[in-house]
Structures are given as C-alpha cells and as structure tokens.
Amino acid sequence: ADELMYSEKQKYYDTILREGRGSRTGQAAHLLQSIQNHQFTVVYQPQVELATGKIVGVEALIRKKGPGGKLITPDHFIPRYEREGIIRHIDLYVFEVLCAQLKKWHDRGDRLRGSVNFSRVTLMETNIVKTLQNVCGQYGVAPEDVTVEITESVSKVENAALNALINTFHAAGFSISLDDFGTAYSNLSILGELDFTELKIDKSMLQDLTGNKKKQALVKNVILICKDFGNIISLAEGIESEEQYALLLKYHCLLGQGYYFSKPLSEKVFNTYYRTKKTFRAPAYPH
Ligand code: C2E
Ligand code: MG
Ligand code: MG
Ligand code: MG
C-alpha cells in the first residue's frame, strides 16, 4: 500500500488544507491525512464458485486501525463519513488498494477478481467511471476484473440517471452488483429496471435457511429470477454452514461468500490461506 499513487489525492488535499479547517473541507482533510498515515487497511473475503468450490475472487472491505491493533468494522464510521459527505475518500482508497492488490495477484499468476463497495454519493460524482478507469489503467488492471457493488433502493425519479450510469460502467468493462438484496433497501422491481451484472442475496435471507421453508422458497426463486432475467450472477452472502452451502448448490446459486469459507482476511493471511485452500469440496445435494 506504500506505493499507492496519491498524486491526484495530494493535489486535492493541498487545496482543502489551504481552504482551512472546520466544515466539510476540514473533515475531508483530516480523513485524507488519516488515510495517508495508514490508519485504514483493507481486508479481503473470498468469493467461491459454489459448483466447483473454487475461490474466484474477493470482496475488499475497509477497516480502521483502532488502539492496540484492533480493527474497527465499517458500521462504526461509514455512516458518519456518509453524513459528512466525505465517504468518497474511503471508497476511492479501497478501490485503489484493491487494484494494486489485483495487479500483485495477477503478476504471480493468480487469476482473482475483486469486488468493492461504493456509496451512492460517490457513484453520483461526475466522471466517476473515468476516474475508476484511470486508476485501473495506472495499475494495469482490466475493468473486467472489477465489480462495483451498490446498495440501491428503488426510486422512480432517479432510476433513469442510475441506469445511464450503469451503462457507462458496462461500456468501460466494469461489472455492477446489487448488494444487500432482500433488505429494506431493495425490492424486486429494481431488477427489471436496472441492468445489473450480479445480485448479492443478503445474509439476512440465509439466516435459518435450513429450518425455514418459506425462506427456502424465497431464496430459490430469487436465484431463478436472476437466471431468467438474462443470467444475472447470483451470489449468496453470509454462508456459515455446509447445510446452507448444499441448499444453495441445489438452487444453482453461482457464487457464495461467508464465514463457512472464510472471514475477511488481511493480505498476508489471505495469501497463505489461498495457497493452502484454493478449492473447497462441494457438499452433496440434500434430498
Ligand atoms: P457488505 O458489502 O454487505 O459486506 C458484507 C458484510 O458481511 C461484511 O461486513 C462481512 O464481514 C460480513 N460477512 C461476511 N460473511 C459473513 C457471514 O458468514 N456471517 C456474518 N454474520 N457476516 C458476514 P463488514 O466488513 O463489517 O462491512 C459492513 C458493510 O460496510 C459492508 O456490507 C458494506 O456495505 C460497508 N463497506 C465496507 N467497506 C466499504 C467501503 O469501502 N465503502 C463503502 N461505501 N462501504 C463499505
Ligand atoms: Mg458488499
Ligand atoms: Mg454494501
Ligand atoms: Mg451485502
């Protein structure tokens, strides 16, 4: 992470420092300083192709370094940065770290893809796709290897703008994933209106999946809808048991992520893990 290209950020940083502290610019300057002082780090959670048990990618997730080396999870700071309007710095930092990481993996022959979360406000920035394309270019990473995750609620007014943006992402080669599907932030109609590459079934839909027939019907049919809607990739998050894995296999869910495979890992731990466990054994279908 030391070799990150901060040129663009540094320019921005200098400008806001000149503009002074207080208000949003001061908060942004403070956050950028924390980023440059390595107070944040990125962890990687493996994503597995369920039919083969093969690790095919990672989701990059932000962590803040707390006292005594403890890592603080994003729910403790993301909402505040969103409110303050400075979340872009986290999103762009994680994106850049992921690109640097993908390049390292690709250089040593590991064909991994990467997913990254973006707040809606960051996505709505002018020229965001160009910005991300440039970062990919700087690191020699193909946009085809990157998936941008968004958490979206349906809003008739804004869907036209969002669809235009999604198409721009597609044109540049990026995949777009709808995160947290099945929570309050999503509903079915959004799938018909927006052109997503992937749908992430929220972990709340997997809770008690094995003991709840109605949940099974929901999950099974969401996966079917993905297929019928022109092969949207289905990804189940929050897989914690072999029983859940087996059910998702039975429903032909394509990808999965969860503690059953691994918690999010630091670069170092991921590399060791990946070397020893590239592939999981897929469980037998339940009857
Ligand atoms: P998410 O994008 O839905 O990420 C999945 C979350 O579920 C992660 O929490 C992950 O650690 C957790 N998880 C994964 N597998 C399991 C499981 O089997 N069981 C359970 N109980 N949990 C599991 P995390 O890392 O705390 O991230 C929370 C949220 O913070 C993320 O939810 C994402 O929306 C947001 N976030 C993380 N990094 C970024 C970022 O760089 N930018 C933005 N805007 N948001 C981020
Ligand atoms: Mg996510
Ligand atoms: Mg998310
Ligand atoms: Mg999610």
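The model is predicted: local features need pLDDT of at least 70, side-chain atom pairs count only at pLDDT 80 or more, and totals for chains, interfaces and linings use all residues. Residues are numbered from 1 along each chain as its sequence is written, chains are lettered from A and ligands numbered from 1 in the order in which they are written, and side-chain values use heavy atoms, with hydrogens and water left out.

**Overview**

The protein has 11 helices and 9 strands. Both are DSSP runs numbered from the N terminus: helices are H or I with at least four residues, strands are E with at least two. Of its 287 residues, 50% count as buried. Buried means under 20% relative accessible area, exposed means over 50%, and partly exposed lies in between (1.4 Å probe, protein chains only). Take the contacts between residues at least 6 apart in sequence: 66% of them join residues at least 24 apart. Contact means heavy atoms within 4.5 Å.

**Helices α4 and α6**

Helix α4 spans residues 88-107 and helix α6 spans residues 128-139. They pack at an angle of about 30 degrees, with axes 9 Å apart. Axes are lines fitted to C-alpha atoms, for helices over the stretch in contact, and angles run from 0 to 180 degrees between N-to-C directions. The two helices are therefore roughly parallel. That term covers angles under 35 degrees; over 145 is roughly antiparallel, 65 to 115 roughly perpendicular, and the rest oblique.

From α4, Leu 92, Phe 95, Glu 96, Cys 99, Ala 100 and Lys 103 meet Ile 128, Leu 132, Val 135, Cys 136 and Tyr 139 of α6. By class, this contact has 9 nonpolar, no polar and 2 charged residues. Here Ala, Val, Leu, Ile, Met, Phe, Trp, Tyr, Cys and Pro count as nonpolar, Asp, Glu, Lys and Arg as charged, and the others, Gly among them, as polar.

Two cysteines sit in this contact, Cys 99 and Cys 136. Cys 99 is buried at 0% relative accessibility. Cys 136 is buried at 1%. Yet the structure holds 0 disulfides. A disulfide is a pair of cysteine sulfur atoms within 2.5 Å. The sulfur of Cys 99 has its closest cysteine sulfur in Cys 136, 4.0 Å away, so the gap is too far for a bond.

Glu 125 lies in the loop between α5 (120-123) and α6. Glu 125 and Gln 36 are 89 residues apart in sequence and 22 Å apart in space, C-alpha to C-alpha. Asn 127 is found in the loop between α5 and α6 too. Its phi is positive, near 65 degrees.

Glu 237 is in strand β8 (residues 233-237). Its contacts, leaving aside neighbours within four places in sequence, include Glu 59, Asp 179, Lys 200 and Gln 257.

Helix α10 covers residues 242-250. Its buried residues are Gln 244, Tyr 245, Ala 246, Leu 247, Leu 248 and Leu 249. Their cover includes β1 (40-49), α9 (213-228) and β8. His 252 follows α10, with a positive phi near 65 degrees. His 252 lies in the loop between α10 and β9 (255-257).

| Residue | Relative accessible area | Class |
|---|---|---|
| Glu 237 | 9% | buried |
| Glu 125 | 24% | partly exposed |
| Asn 127 | 58% | exposed |
| His 252 | 54% | exposed |
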